[in-house]
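I opened this entry to look up side-chain packing and backbone angles. My notes follow.

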Amino acid sequence: MLGTVWVHVEPAPGGVASISLELLAAAISFGQRVEAVCAGGDPDAISATVGEHGASLLRHLELPGGALVGPLLGASLAAAVGAADDPPAAILLATSYDGRDVAGRLSARLDVPVITNVTELAASDGALVGIEPIFGGTTNVHTRFAGAGGPQLFLIRPKSFQADAVGGAPAPVADLPAVDCGASGAARVIGSNAEQAAGPKLDEAAVVVSGGRGLGEAGKYEMIEQLAELLGGAAGASRAIVDAGWVPYSQQVGQTGKVVKPDVYIACGISGATQHLVGMKNSRHIVAVNKDAEAPIFGVADLGIVGDVHQVLPRLIEALQARG
């Protein structure tokens with residue numbers, strides 16, 4: 001077991017980002033004490049959530065209006081590490097926009113490297129080992145820090161750990177002092193646009209229905225959306241049809257898109273390239289529909305249907321509609 005592990009927690013509408021809860025679950029598996037660090041958001045609401053998921057303390061940084069998280073939190077977190085009576089042995093951050101920004105700035109200020117793209121963690125001789133997939137997910141490499149010059153920094157991919165509450169009390173809140181980070185701290189967000197979408201988010205849905213090149217044309221993607229809606233799930237896509245401009249990047253499942261881990265994943269007209277499998281192979285149940293009986297997707301499927309999606313999906317949609 002390590003000593004203290006810090007976890008970068010990201011606020012989200014209604015509470016805390018799901019990836020942050022996954023990181024807390026990883027931290028309590030390897031650390032004797034877990035502390036959360038957060039910039040912005042409601043500290044009282046966040047402390048209740050992180051406490052329930054095992055954090056003993058919440059270090060909270062107030063953000064000026066419109067300030068970017070990365071510059072200010074990176075500088076303040078680096079200063080806190082140096083001033084801590086019990087400095088962290090490791091800091092876990094999410095592979096998200098803010099997480100990567102903070103990790104890069106923290107790495108520069110502490111002069112320590114970052115192990116990125118981590119999907120598993122293991123303990124070895126009092127240190128953490130990051131396990132990362134390479135070559136399209138066909139091989140895993142194990143990476144650890146050789147020196148002891150600072151906290152071990154890890155960027156963790158979403159859906160790598162199960163976010164389970166442990167029933168703790170709200171974590172005490174300690175102010176994280178803001179540090180002057182120079183010109184980089186002057187940047188401000190002056191406007192933002194939220195994507196409008198109906199139904200559950202792709203990376204949080206219990207059911208995901210994804211379409212691929214086998215659909216034949218962009219207009220046929222409507223079947224994917226209709227089936228997903230009938231099942232109360234989210235619609236996804238392979239990189240091939242995203243690159244073709246049929247659907248937006250926000251719906252891409254795969255190594256360079258969203259990593260999903262639903263109860264049911266239905267792949268329609270998707271051959272199963274390793275790039276796509278990396279993003280969905282850990283789903284609880286996988287159903288594949290493809291007319292090519294030799295398609296790689298059947299190698300990970302729990303149920304395979306060898307057939308034309310243009311025949312299978314309309315019948316499935318009709319059956320679900322008939323059930324009301």
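Predicted model: local features only at pLDDT ≥ 70, side-chain atom pairs only at ≥ 80, totals over all residues.

Setting aside neighbours within four places in sequence, I found L128 in contact with L2, F30, A90, L92, L121, A122, T143, R144, Q152 and F154.

Next I looked up the largest nonpolar core, which has 32 residues. L128 is among those with the most contacts inside this core, together with V7, V9, V50, L92, L121 and F154. I then listed the elements that each supply at least two residues of this core: the helices α1 (18-30) and α2 (43-52), and the strands β1 (2-8), β4 (31-39), β6 (90-94), β7 (114-118) and β11 (152-156). The largest share comes from α1, with seven residues.

I turned to the backbone. Most residues other than glycine have a negative phi, so I looked up residues that depart from this.

D111 is not a glycine, yet its phi is positive, about 60 degrees. I placed D111 in the loop between α4 (97-110) and β7. Is D111 buried or exposed? D111 is exposed, and I noted a relative accessible area of 70%.

K159 is also not a glycine and has a positive phi of about 65 degrees. I found K159 in the loop between β11 and β12 (173-175).

Definitions and conventions. Residues numbered from 1 in each chain as written. Heavy atoms only, no water. Core = buried A, V, L, I, M, F, W, Y, C linked by side-chain atoms within 4.5 Å. Buried < 20%, exposed > 50% of the residue type's maximum accessible area, 1.4 Å probe, protein only. Helix = DSSP H or I, 4+ residues; strand = E, 2+ residues; numbered from the N terminus. Contact = heavy atoms within 4.5 Å.
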